[in-house]
Amino acid sequence: MLEMKENMVNTILYATDLGLYGPYMLEHVGDLARSHNAKVYVLHVIEPLGVFADAVLETFVPESSKANLRDHGLNEVMTAIRAKVRAIFDQDLNGYEGDTEWLKDVHVIGGIPAEVILTDAEAIRADLIVMGSHGGASDAATPIGSVAAKVLQLSPIPVYLIPTSTNRSMNFGMASGL
């Protein structure tokens with residue numbers, strides 16, 4: 001016989017891109033945390049520099065500065081971003097009704113978003129990943145974004161997707177008149 005845990009969701013990883021829907025998503029996360037008496041870790045992923053940014057650094061930044069930037073600059077940038085993310089959450093929680101003891105920590109990690117989300121979920125032993133669905137706003141062929149799709153496909157734990165597009169179509173590909 002299958003043995004059920006008393007509370008199946010104790011730790012939630014909330015992956016955010018700090019987009020427009022942040023306050024809306026935070027309400028969902030807070031409600032989930034309160035209803036399950038769970039703790040929440042917020043994750044914001046900083047994607048690697050693109051080809052253009054790399055080219056600009058190579059062209060215009062002196063070699064001695066590049067080494068210093070790699071050794072110290074990235075840590076300073078990540079610390080500043082983490083503080084900014086925390087400030088955004090404090091601001092979003094300002095009008096939030098109820099306690100916010102469920103918000104345990106904010107992680108800002110560099111890397112490929114889907115990989116970082118799955119790795120951080122494992123590291124904190126998350127029981128649930130919460131993220132926005134994104135994507136799909138202008139292309140009916142992609143109802144969710146690529147990061148959400150990859151996490152949903154590869155995650156060994158449940159993923160709770162919050163719809164974040166206001167321009168979704170209810171066209172299910174059916175022929176008219178049926």
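Predicted model: local features only at pLDDT ≥ 70, side-chain atom pairs only at ≥ 80, totals over all residues.
Q: What makes strand 2 and strand 3 a pair, and in which sense do they run?
A: Pairing requires at least two bridges between the strands, and strand 2 and strand 3 are joined over seven bridges in the parallel sense, so they count as a pair by that criterion. Among the residues involved is His44, whose bridge partner in strand 3 is Val108.

Q: Why are strand 3 and strand 5 called edge strands?
A: The open sheet has five strands in the order 3-2-1-4-5, with parallel pairing. Strand 3 and strand 5 (159-162) each pair on one side only, and that is what the name edge strand records here. On average, neighbouring strands of this sheet are turned by 20 degrees against each other, direction ignored.

Q: What makes Ile12, Tyr14, Val40, Val42, Trp102 and Val130 stand out in the largest nonpolar core?
A: Of the 22 residues in that core, these touch the most other members. Helix 1 (22-36) and strand 1 (11-15) are among the elements that each supply at least two residues, and the largest share, five residues, comes from helix 1.

Note on methods. Residues numbered from 1 in each chain as written. Heavy atoms only, no water. Core = buried A, V, L, I, M, F, W, Y, C linked by side-chain atoms within 4.5 Å. Buried < 20%, exposed > 50% of the residue type's maximum accessible area, 1.4 Å probe, protein only. Helix = DSSP H or I, 4+ residues; strand = E, 2+ residues; numbered from the N terminus. Axes fitted to C-alpha atoms, helices over the stretch in contact; angles between N-to-C directions.
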